[in-house]
Amino acid sequence: MTNNFLLRVSNLGKSYGAVQALQDVSFTMRPGETIALVGDNGAGKSTLVKLLSGVVRPTSGSIEIMGRAVDLTSPDVARAAGIETVYQDLGLCNNLTVAENIFLGREEIVGWGPFSFLARSRMRERSRQALAGLSINVPSPDQNVAGLSGGQRQAVSIARSRLWKSNLVLLDEPTAALGVQETAKAMEAVRQLQKNGVAIILITHSMPMAKEMSDRVIVLRRGKKVGDVRTAAVSGDDIVSLITGARDHHIEAA
């Protein structure tokens with residue numbers, strides 16, 4: 001039944017000299033599933049995200065996408081494999097417009113050779129379509145992102161993953177530094193991804209968000225996976241006890 005898995009991570013590890021940032025982490029993920037990845041600072045969450053997004057390469061272990069082993073040597077390779085990452089700092093360029101940020105590194109060109117130029121009108125229209133349906137209103141694809149609110153910037157990043165029809169989106173603290181209203185809108189934008197059948201790994205410190213938005217919760221502690229639980233089967237206190245070590249035995253989802 002391996003082919004039913006969108007993602008299979010097997011014994012993944014990453015060391016920096018004598019420091020073991022991640023050790024023997026394994027899990028599977030089905031298409032359209034949402035996993036909340038939780039743990040204290042230094043637990044290994046950021047390292048796992050970097051490995052899955054192609055920013056760094058693992059020291060050990062393997063990653064499979066749809067049953068095929070992949071070597072994610074760069075973010076471009078990860079994106080080509082259908083993995084899009086929305087970082088906490090959103091990775092947006094303030095001096096560029098909304099459309100230019102959505103197409104950054106993937107600009108559409110018309111013409112050939114010395115007669116080629118950017119298809120700006122087409123990129124603006126595709127950006128407008130990608131933003132349509134999100135609960136956060138972004139005034140115009142021509143506006144510089146420097147003038148956008150935190151929630152609007154989040155919408156631009158999520159629209160980028162919608163446009164490129166990613167199979168898996170890694171969301172790193174999507175509501176960090178947002179107010180109450182913008183947090184609600186950002187969560188609704190995440191729900192739009194879920195409705196479109198996109199699988200999501202949601203990195204969050206928020207237990208309410210983990211409980212509300214995920215199908216499963218994976219808990220990391222000191223670089224190791226200490227829990228993989230069905231969200232509906234545990235309480236927020238159960239998850240916190242795994243994070244802190246108050247519950248010291250490994251839990252796997254049924």
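In what order do the 4 strands of the open sheet stand? The order is 2-1-4-5, and the pairing is antiparallel. The model is a predicted one.

**The open sheet**
- Strand 2 (19-29) and strand 5 (68-70) stand at the edges.
- Each of these two has a single partner strand, so one side of each has no neighbour in the sheet.
- On average, neighbouring strands of this sheet are turned by 30° against each other, direction ignored.
- Within strand 5, A69 is the bridge partner of E64.

**The helix across the sheet**
- Helix 1 (residues 45-52) lies across strand 1 (7-16), strand 2 and strand 4.
- The helix runs at about 115° to strand 1.

- Strand 10 (residues 199-203) is mostly covered, with 5 of its 5 residues buried.
- A199, I201 and I203 point one way from strand 10.
- I200 and L202 point the other way.
- Residues pointing either way are buried.
- In a regular strand, side chains alternate between the two faces of the sheet.
- Strand 3 (residues 34-38) pairs with strand 10 in the parallel sense, over 4 bridges.
- In that setting, T34 stands opposite I200 of strand 10.
- Strand 9 (residues 168-172) also pairs with strand 10 in the parallel sense, here over 5 bridges.
- For L168, the bridge partner in strand 10 is A199.

**The second largest pocket**
- Rolling a probe the size of a water molecule over the atoms shows where empty space is left.
- The second largest pocket has a volume of about 160 Å³.
- This pocket is lined by 13 residues.
- Closest to the pocket centre are T97, A99, E100, R120 and M123.
- Helix 3 (98-102) and helix 4 (120-131) are the elements that give two or more residues to the lining.
- Helix 4 supplies the largest share of the lining, 3 residues.
- By class, the lining has 7 nonpolar, 1 polar and 5 charged residues.

How values were computed
Residues numbered from 1 in each chain as written. Predicted model: local features only at pLDDT ≥ 70, side-chain atom pairs only at ≥ 80, totals over all residues. Heavy atoms only, no water. Pairing = 2+ DSSP bridges. Axes fitted to C-alpha atoms, helices over the stretch in contact; angles between N-to-C directions. Contact = heavy atoms within 4.5 Å. 1 Å grid on protein atoms, 1.4 Å probe; cavity = no way out; pocket = protein on both sides within 12 Å on 5 of 7 lines; lining within 4 Å. Points joined across faces, edges and corners; volume = space filled by probe spheres on them. Nonpolar A, V, L, I, M, F, W, Y, C, P; charged D, E, K, R; others polar. Buried < 20%, exposed > 50% of the residue type's maximum accessible area, 1.4 Å probe, protein only.
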